[in-house]
Amino acid sequence: MAVIDLRQSIIDLYKNNRLDPDLGEILQKSLEGKEITKKEAYRLIRCNYRNLGVLMSVASIVRNMSKGRRITYSRKVFIPLTNMCRNRCGYCDFRREPNDPGAEVMSPSKILSIAEAGKRAYCTEALFTLGEKPEERYSEAKEELKQMGYNGTLDYLRDACEMVIKKTELLPHSNAGIMTKDELADLKEVNASMGLMLENVSDRLCNKGGPHELSLGKRPKLRLATIESAGQLRIPFTTGLLIGIGELPEEIVDSLYAIKALDKNYGHIQEVIIQNFRAKPSTPMARHKEPSVREIAKVIAVARLVFKDGMNVQVPPNLSPNEYDFYLSAGINDWGGVSPVTKDFVNPEAPWPEIKTLKFVTEKRGFELKARLPVYPEFILNKPDLLPESLKSYITPLVDSEGFVKGGIF
Ligand code: SF4
């Protein structure tokens with residue numbers, strides 16, 4: 001639907017009392033390319049579900065205006081360098097205690113064999129997702145790292161990234177928790193991009209009984225400081241929200257605006273992930289209610305309108321396998337990392353879709369699926385100063401003139 005038609009439809013809807021008038025005014029503002037205020041975003045996130053269809057349509061149009069009809073994904077392998085962690089988030093079943101079966105600091109040979117399998121499957125990203133600094137909580141982890149010749153997890157991560165680039169040319173994207181500026185600077189040279197989910201900016205979630213009570217690394221101030229340091233260091237950065245962990249709708253909006261403010265200052269945020277909480281049977285939050293599809297779609301749409309100027313908005317497709325159409329209609333433009341080789345170790349119960357399935361559902365809605373690197377095309381083309389010098393010779397041959405992966409989809 002053209003912008004002008006939709007604008008008229010909005011006017012007709014609220015003339016006929018089928019759309020709350022103040023909502024119509026905010027949506028019109030968005031269609032005119034104007035910024036919406038935080039107060040207006042509060043109004044959108046609190047809108048009645050009878051208005052959701054119009055909100056999604058507007059978000060979809062705004063997405064199309066800035067992103068066109070292309071939906072991206074990154075073909076990756078997932079390397080859980082360690083599943084031990086100093087934090088204890090109430091929803092996590094990835095972390096292991098040192099004596100638990102399966103607890104590990106992955107060996108270099110295992111890392112390499114995963115990366116090589118990825119190379120054979122035409123992957124371009126090595127996603128290192130790992131527990132946060134387990135050596136600060138567990139002497140066993142400290143000892144294991146020491147025997148490998150490292151003082152800490154991040155030292156090992158740096159070498160593992162370098163090994164993967166040199167031996168397979170897969171581009172690392174590390175997601176290793178909160179870090180100091182020095183630690184980020186050290187990893188920058190061996191990562192095409194890096195990431196840290198803000199999750200939510202609310203301190204309330206760290207209170208007694210909250211999901212982050214036992215997780216120092218989930219203190220919003222510390223996470224914002226890491227994201228800010230990454231901006232100061234000019235690191236292409238991924239962040240996002242975890243939806244359904246006890247936050248209020250207004251706190252979702254506050255979190256979006258906190259990310260927006262950092263991006264305004266540094267221009268380094270390349271994507272915002274909208275991830276839905278899943279209740280894992282073995283966790284303290286096993287009985288916590290999962291967010292509905294409509295709640296997630298509303299957050300996607302609001303995120304799209306808050307970041308009106310072309311932010312990449314992603315949902316992980318394996319966490320909502322039956323909702324592809326709905327989320328495309330709500331304004332996403334990216335499916336994130338998808339692996340033909342490894343499972344999602346953080347959500348092992350949720351298999352990745354096959355790329356051909358993703359292609360089918362994306363095309364069915366009239367979009368084109370494009371493969372991207374762990375650093376987005378617009379960063380490669382328009383912000384080359386954010387690419388680490390040491391990786392440019394790996395990145396450039398992989399992409400076409402528009403910054404997408406050469407050769408496209410396999
Ligand atoms: S979610 Fe991440 S930070 Fe929290 S306990 Fe699990 S591995 Fe650690």
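Select leucine 127 first: apart from residues up to four places away in sequence, this residue touches Lys76, Val77, Phe78, Ile79, His173, Asn175 and Gly337 (two residues are in contact if their C-beta atoms, placed from the backbone, lie within 7 Å). The model is a predicted one, in which local features need pLDDT of at least 70 and side-chain atom pairs count only at pLDDT 80 or more, while totals for chains, interfaces and linings use all residues. Residues are numbered from 1 along each chain as its sequence is written.

Leucine 127 has its place in strand E2; helices (H or I, at least four residues) and strands (E, at least two) are DSSP runs, numbered from the N terminus. Is leucine 127 buried or exposed? Leucine 127 is buried, for 26 other C-beta atoms lie within 10 Å. A residue counts as buried with 20 or more other C-beta atoms within 10 Å of its own, as exposed with 12 or fewer, and as partly exposed in between.

**Two loop residues**

Proceed to tyrosine 122, in the loop between helix H5 (108–120) and strand E2 (125–129). Its phi is positive, near 65 degrees, although the residue is not glycine. Most residues other than glycine have a negative phi. Tyrosine 122 counts as partly exposed, with 15 C-beta neighbours inside 10 Å.

Next select glutamate 199, in the loop between E4 and H9. Glutamate 199 also has a positive phi, of about 70 degrees, and it is buried, with 24 other C-beta atoms within 10 Å.

**Helix H2 and its partner**

Display helix H2 (residues 21–31) and helix H4 (residues 52–67), whose axes come within 10 Å and cross at roughly 10 degrees. Axes are lines fitted to C-alpha atoms, for helices over the stretch in contact, and angles run from 0 to 180 degrees between N-to-C directions. H2 and H4 are therefore roughly parallel to each other (angles under 35 degrees count as roughly parallel, over 145 as roughly antiparallel, 65 to 115 as roughly perpendicular and the rest as oblique). Leu27, Ser30 and Leu31 of H2 make the contact with Val54, Leu55, Val58, Ile61 and Val62 of H4.

Within H2, colour the buried residues Leu23, Gly24, Ile26, Leu27 and Ser30. Viewed down the axis, they fall within an arc of 165 degrees, so they line one face of H2; the arc is that of the directions from the helix axis to the C-beta atoms. The face turned away from this buried side carries the exposed residues Pro21 and Asp22. After H2 comes glycine 33, with a positive phi near 80 degrees.

Move to helix H8 (residues 181–188) and select Glu183, Leu184, Leu187 and Lys188, which are buried. They cover an arc of only 140 degrees around the axis, which puts them on the same side of H8. The buried residues of H8 pack against helix H7 (153–168), strand E3 (171–175), strand E4 (193–195) and H9.

Finally, show helix H9 (residues 220–232) with helix H10 (residues 249–266): they pack at an angle of about 20 degrees, their axes 9 Å apart. This makes H9 roughly parallel to H10. Here Leu224, Ile227, Glu228, Gly231 and Gln232 of H9 meet Ala258, Leu262, Asn265 and Tyr266 of H10.
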